[in-house]
Amino acid sequence: MRLVFLPDMVWWHLGAGGRLLEGAGDEGAAPVVAVAPPGAVSLHRVPLPRLAPAQALAAARAMAGELSAAPADTMHVAIGEPDADGRRWLAIADAAAMAGWLAALDGLPVRALVPAPLLLPTPVAGALAWPVEGLWLVRSVEAGGEARAFASEPALAELVLGAAPRLLGADGLADGLAARMDRPELDLRQGRFAGGTRKDMDPARRRRVAVLAAAALAVLLATPVVEWARTNSAAAAAEAEAAIAAAALLPAGTPVSDPRAQVAARLAELGGGTGLARTMAPLLAELAGRPGVSIMSLEKTGDVLVVALEGAAPGDVAALSSRLQAAGLAAEPGLPREIGGRLQTELRIGG
């Protein structure tokens, strides 16, 4: 297996046992896993159970609006597979940077494009770190089982963790890396960037995809989700700085009384997808068993979340409302209407 580290195209060659190999092996046969630049992707562990892919990505984009102040049309969002507790990695990157990375990889047989911190194995407890380019790539597991993955300056990483992590050398990172990258936890090539690098497309297909992507972007820009994200961007500006750096920096001017506790609490708040995620968690859990029901749009008005559902029969809407009420939420369904031969129903969810 070969790893290529962006943006400088530094190559690693891994043997079957995870040993770093000197020089190039069989260049044409070995699969390639690309690694995004350290610090260019923010990672958050969010409650998002197993859903149909379109539902999961729609929910993830809505959550990303809470975690980043960047306009929705400039963000690229990708998600991993959920664990047994319904939590998974949510990655946020700059869409223009993502396009640039894929352009640099054009012509290579890339199997996956992964965030740099996910190269590290998940520790049983405590934290692991790998020094690279003046930063530490960190993965940690708290006593309660909460996982983190981020890139940060060493001093800030120790402040967040509360203790020095166990440092890995290149050989330590390479141990088992080929097996981990054979099935990466998260591939950034999703949504509009799904389908690999441009090598996978002939010119005619590329033109068709470009037209479809432009149309999808126009639809996305017209949805209430984007307006909601934009109107909330000022309030989320401080949190966005921490989210983009994946290290939870305290806002400028914040009185510092207990640095470790403040930074750790802030990182937990950002990575937990609070607010919207808590409101949506029961809804997403119910939608996991209804693959025919899709989330068309989300809009937040005060404390009320308005969800437009497509393909929900009256029985589905009644069951969803009942389960949400049982979870302690107020749920008020609107009247169904038929649009393009598909039922659409508005569901208003309050705390």
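Which residue in the hairpin of β9 and β10 takes a positive phi? The report below returns to this point after a note on the basis of the model.

## Basis of the model

This is a predicted model, in which local features need pLDDT of at least 70 and side-chain atom pairs count only at pLDDT 80 or more, while totals for chains, interfaces and linings use all residues. Residues are numbered from 1 along each chain as its sequence is written, and side-chain values use heavy atoms, with hydrogens and water left out.

Helices (H or I, at least four residues) and strands (E, at least two) are DSSP runs, numbered from the N terminus. Two strands pair if DSSP finds at least two bridges between them.

## The β9-β10 hairpin

It is Gly145 that takes a positive phi, near 95°, in the hairpin of β9 and β10, which has five residues between the strands. Strand β9 (residues 135-141) pairs with β10 in the antiparallel sense over six bridges. Within this pairing, Ala149 of β10 is the bridge partner of Arg139.

Strand β10 (residues 147-152) is mostly covered, with six of its six residues buried; buried means under 20% relative accessible area, exposed over 50%, and partly exposed in between (1.4 Å probe, protein chains only). In a regular strand the side chains alternate between the two faces of the sheet. In β10, Ala147, Ala149 and Ala151 point one way, whereas Arg148, Phe150 and Ser152 point the other way.

Six bridges join β4 to strand β6 (residues 87-94) in the antiparallel sense, and Arg45 has Trp89 in β6 as its bridge partner.

The 15 residues of α1 reach 21 Å from the first C-alpha to the last, close to the 21 Å expected at 1.5 Å a residue; the expected span is 1.5 Å times one less than the number of residues. The buried residues of α1 include Leu57, Met63 and Leu67.

## The four-stranded sheet

A second open sheet, of four strands, has the order β2-β1-β3-β7 and mixed pairing. Strands β2 (10-13) and β7 stand at the edges with a single partner strand each, so one side of each is left without a neighbour in the sheet. Neighbouring strands here are turned by 20° against each other on average, direction ignored.

Strand β3 (residues 32-35) and β7 pair in the parallel sense over four bridges. Val114 in β7 is the bridge partner of Val35.

## Helix α3

In helix α3 (residues 154-161), the buried residues are Leu156, Ala157, Val160 and Leu161. They cover an arc of only 130° around the axis, which puts them on the same side of α3; the arc is that of the directions from the helix axis to the C-beta atoms. Just after α3, Gly162 takes a positive phi of about 85°.

## Salt bridges

A search of the whole structure finds six salt bridges, a salt bridge being a side-chain nitrogen of Lys or Arg within 4 Å of a carboxyl oxygen of Asp or Glu. One of them joins the side chains of Glu146 and Arg87 (3.5 Å, N to O). This pair links distant parts of the chain, with Glu146 in the loop between β9 and β10 and Arg87 in strand β6, 59 residues apart. Glu146 is partly exposed at 32% relative accessibility, and Arg87 is partly exposed at 22%.

Arg111 forms a salt bridge with Asp182, their closest N and O atoms being 2.7 Å apart. Arg111 lies in strand β7 (residues 110-114) and Asp182 in helix α5 (residues 177-182), so the pair ties together parts that are 71 residues apart in sequence. The side chains of Arg148 and Glu142 also meet in a salt bridge (3.3 Å, N to O). Arg148 counts as buried at 11% relative accessibility, whereas Glu142 counts as partly exposed at 33%.

Note on methods. Axes are lines fitted to C-alpha atoms, for helices over the stretch in contact, and angles run from 0 to 180 degrees between N-to-C directions.
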